[in-house]
Amino acid sequence: MAGPLVGRLDTVRVARGAAAALTVAMVWYFATSDALRSDNPFLVPDLLVMVFGLGSSLLPRRAAVPAMIFTFGWAAGVFTTSLSHYVVRGEFAVDHIFLILPSVVMAVLLGRVAAAGPVPVPERPRPAPARV
């Protein structure tokens, strides 16, 4: 038997929240680190992760699904490349795992939503007809 949350969670809403959280994490990263420097090879890709995360999470539902698939795929690629950069230097930045895994999972889940066909727009209750 499924738990009480199964069937209630909307994948697109969860993905919007994850994209917003990713944006907040990147803003925090830029605010608390020395990342905004000209010799940072990940400056532009990291800034694009932030911009794509914010932009895709604010789009209408039909456009948000493919945009967030791209965003999470981009983020997973950037963070995996960055992790590889650390590994080559003999370090392992474990914090990257907490960025890569959710990005891959959300891209896969959104891919399933996209493969299911047109993204349904949740029904809203219709107003009662006006009495004449």
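Mentor: Here is a walk through the salt bridges, pair by pair. Keep in mind that this is a predicted model. There are four salt bridges in the structure. Start with Asp 10 and Arg 61, whose side chains meet at 2.8 Å, N to O. Asp 10 sits in the segment before H1 while Arg 61 belongs to helix H3, so this pair ties together parts that are 51 residues apart in sequence. Arg 61 has 17% relative accessibility and counts as buried, because buried means under 20%.

Next up is the pair Arg 37 and Asp 39, again a salt bridge, with 2.8 Å from N to O. Here Arg 37 is partly exposed, at a relative accessible area of 33%, whereas Asp 39 is exposed, at 55%; the cut-off for exposed is over 50%.

Then look at Arg 89 and Glu 91, where the side chains meet at 3.8 Å, N to O. That value still qualifies because a salt bridge needs the nitrogen within 4 Å of the carboxyl oxygen. Arg 89 counts as partly exposed at 46% relative accessibility, and Glu 91 is partly exposed too, with a relative accessible area of 41%. Finally, back to Asp 10 and Arg 61: salt bridges with shared partners join these two and Arg 13 into one network.

Methods: Residues are numbered from 1 along each chain as its sequence is written. This is a predicted model: local features need pLDDT of at least 70, side-chain atom pairs count only at pLDDT 80 or more; totals for chains, interfaces and linings use all residues. Side-chain values use heavy atoms; hydrogens and water are left out. Helices (H or I, at least four residues) and strands (E, at least two) are DSSP runs, numbered from the N terminus. Buried means under 20% relative accessible area, exposed over 50%, partly exposed in between (1.4 Å probe, protein chains only).
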